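Q: Can you walk me through this one? I'd like to go through the sheets, then the helices, then the ligand.

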Amino acid sequence: MIRLSNVTHSYDAEPVVEGASLSVEPGEVVGIIGPSGVGKTTLLRIMALFLEPSEGEVELDGEGAWRVDEAERLALRRRVGMVFQEASLFDGTVARNVEYGLRVRRSWPERAREQLRSVVRSSPTPPAVEEALDVVGLRDKLDQEADSLSGGEAQRVSFARALAYEPEFLLLDEPTSDLDPRNTGLIEEAIAAARDRGIGVVVATHDMHQAERVADRVGVLLGDGFTEVGPTETIFEDPTDERTRKFISGELVY
Ligand SMILES: Nc1ncnc2c1ncn2[C@@H]1O[C@H](COP(=O)(O)OP(=O)(O)OP(=O)(O)O)[C@@H](O)[C@H]1O
């Protein structure tokens, strides 16, 4: 489980996020919704252990990520994958890009020799690469050059690369904000597939309807911290917090 307890973060004098608490278990999808600039990316970076919060605790299975030494923190970080808003693929084929996920897999270096053999030979394509591409519906694009993909396809390859990495937790930052409905649907199916594999998924999105479609639980980030975190149905149909209710109903406009 990743757990944030009472996390506050300030880049400058003013805190961006204040007193935020949230957990994600293996095999569940947690949505973080809120307007632009409210700190969703900041929270994801804190969950990915890229960023140390100014205050509060970040734990992976009870281990305080900023209480352990650098090497241990790196080991914890390897258990978490992240997909950014913009797909960032390098030159080369789709298969090569996804193979990169294999190389940095968390089980490295235990399975190093076996992995290295399959990656270096790379023909035939390692099964894990094909499997990951299957999840996003791109197995038939294995040999296509990454720079010839559409934006939606590129984002799906980024997702496949993160899956090939076999993370225990997968953090998605606005994964479909630039995509058409078809690609959005395919990413949402891939999110469900990741959950079915037992991965704990966090989706930060300004599209509350996306959270309603994909998440088991939702945290509503408004202003400083979460106004409410709860089961998706409760948040959308019977929220207890007045600001949550206004945000969901569209009365609270940012
Ligand atoms: N590295 C940084 N240095 C200083 N301020 C930052 C930094 N990163 C983010 N901020 C500020 O923190 C606030 C929250 O940004 P963040 O990107 O976390 O929000 P967000 O909810 O993800 O927004 P969006 O949906 O627009 O990406 C913004 O006011 C932003 O300008």
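Predicted model: local features only at pLDDT ≥ 70, side-chain atom pairs only at ≥ 80, totals over all residues.

Q: Which residue in β10 stands opposite V218?
A: G230 does.

Q: What is the strand order in the open sheet of six strands?
A: The order is β6-β7-β8-β3-β9-β10, and the pairing is mixed.

Q: Which strands stand at the edges there?
A: β6 (80-83) and β10 (225-231). Each has a single partner strand, so one side of each has no neighbour in the sheet.

Q: And how many degrees are neighbouring strands turned against each other?
A: On average 15 degrees, ignoring direction.

Q: Which helix packs on that sheet, and which strands does it touch?
A: Helix α1 packs on it, touching β3 (29-33), β6, β7 (169-173), β8 (200-205) and β9. The direction of α1 makes about 155 degrees with that of β8.

Q: OK, next sheet. What is the order in the open sheet of four strands?
A: That one reads β2-β1-β4-β5, with antiparallel pairing. Its edge strands are β2 (15-24) and β5 (63-64), and each of these pairs on one side only.

Q: How many bridges join β1 to β4?
A: Five, between β1 (residues 2-10) and β4 (residues 55-60), which run antiparallel. Within that pairing, L4 has V58 in β4 as its bridge partner.

Q: What holds strands together in general?
A: Strands of a sheet pair through backbone hydrogen bonds, in a parallel or an antiparallel way.

Q: Which strands of this sheet does α1 lie across?
A: It lies across β1, β2 and β4, and runs at about 125 degrees to β1. As noted, α1 also packs on the sheet of six strands.

Q: Switching to helix packing. At what angle do α5 and α6 pack?
A: At about 135 degrees, with the axes of α5 (residues 127-135) and α6 (residues 151-164) 8 Å apart. That angle makes α5 oblique to α6. The crossing is right-handed.

Q: Which residues make the contact?
A: From α5 they are A128, V129, A132, L133 and V135, and from α6 they are A160, L163 and A164.

Q: What about α3 against α6, what angle and how far apart are the axes?
A: Helix α3 (residues 94-103) packs with α6 at about 35 degrees, and their axes are 6 Å apart. α3 also passes α6 in a right-handed crossing.

Q: Which residues are in contact there?
A: α3 brings V94, N97, V98, Y100, G101 and L102, while α6 brings V157, A160, R161, A162 and A164. The classes here are eight nonpolar, two polar and one charged.

Q: And α3 with α5, at roughly what angle do they cross?
A: Roughly 110 degrees, with the axes coming within 9 Å. α3 and α5 are therefore roughly perpendicular to each other.

Q: Which residues meet?
A: V94, A95, V98, E99, G101 and L102 in α3 meet A128, V129, A132 and L133 in α5. By class, this contact has eight nonpolar residues, one polar and one charged.

Q: Last topic, the ligand. Which residues are around it?
A: Y11, V16, S36, G37, V38, G39, K40, T41, T42 and H206.

Q: Which helix gives the most to that shell?
A: Helix α1 (residues 40-47), with three residues.

Q: And how many of the shell residues are nonpolar, polar or charged?
A: Three are nonpolar, six are polar and one is charged.

Notes. Residues numbered from 1 in each chain as written. Near = placed C-beta within 6 Å. Helix = DSSP H or I, 4+ residues; strand = E, 2+ residues; numbered from the N terminus. Nonpolar A, V, L, I, M, F, W, Y, C, P; charged D, E, K, R; others polar. Axes fitted to C-alpha atoms, helices over the stretch in contact; angles between N-to-C directions. Parallel < 35°, antiparallel > 145°, perpendicular 65-115°, else oblique. Left-handed = near helix turned anticlockwise from the far one by under 90°. Contact = placed C-beta atoms within 7 Å. Pairing = 2+ DSSP bridges.
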